[in-house]
Amino acid sequence: MGLTEEVIAIVELCIYIPIFPLALIVIFRHGWKKQLGWIYLAIFCLVRIAGAGFKIASVKYPDNSTDLEWSAILQSVGLSPLLMATMGLLKRITDEVSETIPSSQNPYGNTAMAGFVSQSRVGNIITKRATAISRRSRIIQIAQLPTMIALILCVVGGTDEASSNISEHSTGQTYTKVGIAIFIVIYVLLFGMTVITAADLGNAPRGEKRIYFAVAAALPLIAVRLLYSILANFTSVSNFSTANPDPWVQLFMAVVEECIVVLMYTLAGLTVAA
């Protein structure tokens, strides 16, 4: 039996069904204050499980167009929860560094000397640095809004492209392209924020460094996944067709990357202290 979209869907079920409860464990383990990234990870697992289920159903019952439509829609929205999970984890790191810098770099504690240092040039530098990191955290948080907008555009676009009404296909492609364009901007922002955060990584607790390295390792994989979406929606290359993609291309440019990112984030959540 050769590689088909149905086989890929079965593989996805075998991977994401056991990962989903692990993601839930991570969410409850870290509490509701620091769980944001892993909530989106759990959502991503649900999206992939549902999408795989609809894909298998569409193969078993080809006359049911609804299964095929939902499979296409869920396939198109995978990038959004991945990016939002990455943003959530990066925000956690920047928050931890922001809280650590003022105390870790002040050797005088709560003394008169500490008050003098806080008013000195060194104190101002420390304060400005912590403020800059806090500002980065807010930027990451604000970036979640355009990511949600991109998600909505991709859902609407995927619905129109899968519609039996041919006149809606062109509009659907436009919505999807706009959504992908927003994802590109968000990825560039994430990449820049990750590079900048590296300068302050020495002030982060050891466990948070592990999360940072997971995010840094995930970015190239997410880039490949994003490239796959770009080629599928902005070119006419048949191997990247959204309707009938080459299974091998889909496997090595989308499925494998997503699985590795999800596994890295889940392992980071399980091994980092709550």
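**View 1. Helix α1 bends at F20.** In this predicted model, α1 bends by about 25 degrees at F20; the bend is the angle between axes fitted to the seven residues ending there and the seven starting there. A proline, P21, follows within four residues. Helix α1 covers residues 5–30, 26 residues in total. From first C-alpha to last, α1 reaches 36 Å, close to the 38 Å expected at 1.5 Å a residue; the expected span is 1.5 Å times one less than the number of residues. Helices are DSSP runs (H or I, at least four residues), numbered from the N terminus. G31 follows α1 with a positive phi, near 80 degrees.

**View 2. Buried positions of α1.** Buried residues of α1 include I8, A9, E12, Y16, I19 and A23. Buried means under 20% relative accessible area (1.4 Å probe, protein chains only). An α-helix has 3.6 residues a turn, so residues three or four places apart point the same way.

**View 3. The Y16 and F44 ring pair.** The whole structure holds six aromatic pairs; rings of Phe, Tyr and Trp (its six-membered ring) pair if their centres lie within 6.5 Å, with planes under 30 degrees apart counted as stacked, over 60 as edge-to-face and the rest as tilted. The rings of Y16 and F44 have centres 5.7 Å apart and planes at 80 degrees, so this pair is edge-to-face. Y16 lies in α1 and F44 in α2 (residues 36–60), so the pair ties together parts 28 residues apart in sequence. Y16 is buried at 0% relative accessibility. F44 is also buried, at 0%.

**Notes.** Residues are numbered from 1 along each chain as its sequence is written. Local features need pLDDT of at least 70, side-chain atom pairs count only at pLDDT 80 or more, totals for chains, interfaces and linings use all residues, and side-chain values use heavy atoms, with hydrogens and water left out.

How values were computed
Helices (H or I, at least four residues) and strands (E, at least two) are DSSP runs, numbered from the N terminus. Buried means under 20% relative accessible area, exposed over 50%, partly exposed in between (1.4 Å probe, protein chains only).
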